Amino acid sequence: MSSDNQWSADEEEGQLSRLIRKSRDSPFVPVGIAGFMTVVSYGLYKLKYRKDQKMSIHLIHMRVAAQGFVVGAVTLGVLYSMYKDYIRPRFFNVSKK
């Protein structure tokens, strides 16, 4: 494999450095992960005070909220990538780096 391939993992690259490198390439992935963890944490906190609501309904609502946040972050990432690659160079004559 060539060394300029951004998708191949280096043997000596650690998990943290890999996460930081991929975060620079697509900044909305950490936002999605953080949002997912926030929704899960909030859901676990609210689990104690759910009153009459069934456990299965509570878990379904939390799953939908977490998935919605992640899908929203991925959608924003795709839109940002499209803007950066296609719209900005066309209208502002910015070369790709």
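**Exercise 1.** What percentage of the 97 residues of the protein chain count as buried?

*Solution.* This is a predicted model, in which local features need pLDDT of at least 70 and side-chain atom pairs count only at pLDDT 80 or more, while totals for chains, interfaces and linings use all residues. Residues are numbered from 1 along each chain as its sequence is written, and side-chain values use heavy atoms, with hydrogens and water left out. Buried means under 20% relative accessible area, exposed means over 50%, and partly exposed lies in between (1.4 Å probe, protein chains only). By this rule, 8% of the 97 residues count as buried.

**Exercise 2.** List the secondary structure elements of the protein chain in order.

*Solution.* Helices (H or I, at least four residues) and strands (E, at least two) are DSSP runs, numbered from the N terminus. The protein chain has 3 helices and 0 strands. Read from the N terminus, the order is α-α-α.

**Exercise 3.** Describe how helix 2 and helix 3 pack.

*Solution.* Two quantities describe a pair of packed helices: the angle between their axes and the distance between the axes.

Step 1. Axes are lines fitted to C-alpha atoms, for helices over the stretch in contact, and angles run from 0 to 180 degrees between N-to-C directions. The axes of helix 2 (residues 28–47) and helix 3 (residues 55–92) cross at roughly 165° and come within 9 Å. Helix 2 is therefore roughly antiparallel to helix 3, a label for angles over 145 degrees.

Step 2. Contact means heavy atoms within 4.5 Å. On helix 2 the contacting residues include F36, V39 and G43, and on helix 3 they include H58, A66 and A73.

Step 3. The residues of this contact divide into 14 nonpolar, 5 polar and 1 charged. Here Ala, Val, Leu, Ile, Met, Phe, Trp, Tyr, Cys and Pro count as nonpolar, Asp, Glu, Lys and Arg as charged, and the others, Gly among them, as polar.

**Exercise 4.** Is H58 buried or exposed, and which residues does H58 contact?

*Solution.* H58 belongs to helix 3. Its relative accessible area is 5%, so H58 is buried. Leaving aside neighbours within four places in sequence, H58 is in contact with G43, K46, L47, R50 and Q53.

Methods:
Parallel < 35°, antiparallel > 145°, perpendicular 65-115°, else oblique.
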